[in-house]
Amino acid sequence: MGKTSNAVKDRYNAKFYDDIRVRVPKGMKEQIQAYADANNETVNGFINRLIREAMGAHKTAGEDTNLWI
């Protein structure tokens, strides 16, 4: 894809997503990727699911759940 296409994707991502950087010990990235692959998930999808599950378990009354995609 050309630069124009990347610029469009960058604008879309900036508008709809926040970035969080996660650091893991050497070698763990490959383990996470293998686990996600084995469960038909992307690494991003896997991490987001874990966050939703953990936060859902600790949800307090009145929290906005509309943010969860």
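The model is predicted, so local features need a pLDDT of at least 70 and side-chain atom pairs count only at pLDDT 80 or more, while totals for chains, interfaces and linings use all residues. Residues are numbered from 1 along each chain as its sequence is written, and side-chain values use heavy atoms, with hydrogens and water left out.

A search of the whole structure finds three aromatic pairs, a pair being rings of Phe, Tyr and Trp (its six-membered ring) whose centres lie within 6.5 Å, with planes under 30 degrees apart counted as stacked, over 60 as edge-to-face and the rest as tilted. The rings of Tyr-12 and Phe-16 have centres 4.7 Å apart and planes at 40 degrees, so this pair is tilted. Both residues lie in helix 1 (residues 3-16), four residues apart, about one turn of the helix, where helices (H or I, at least four residues) are DSSP runs numbered from the N terminus. Ring pairs also bring in Tyr-17, linking Tyr-12, Phe-16 and Tyr-17 into a cluster.

Tyr-35 and Phe-46 form another tilted pair, 5.1 Å centre to centre with 45 degrees between the planes. This pair links distant parts of the chain, since Tyr-35 is in helix 2 and Phe-46 is in helix 3, 11 residues apart. Tyr-35 counts as partly exposed at 44% relative accessibility, whereas Phe-46 counts as buried at 11% (buried means under 20% relative accessible area, exposed over 50% and partly exposed in between, with a 1.4 Å probe and protein chains only).

Phe-46 also belongs to the lining of the second largest pocket, together with Val-22, Arg-23, Val-24, Lys-29, Ile-32, Val-43, Ile-47 and Leu-50. A pocket here is an open set of points on a 1 Å grid over the protein atoms alone, where a 1.4 Å probe fits, with protein on both sides within 12 Å along at least five of seven lines, and lining residues have an atom within 4 Å of a point. The largest share of this lining, four residues, comes from helix 3.

Helix 3 also holds Arg-49 and Glu-53, four residues apart, and they form a salt bridge whose closest N and O atoms are 3.0 Å apart (a side-chain nitrogen of Lys or Arg within 4 Å of a carboxyl oxygen of Asp or Glu).

How values were computed. Helix = DSSP H or I, 4+ residues; strand = E, 2+ residues; numbered from the N terminus.
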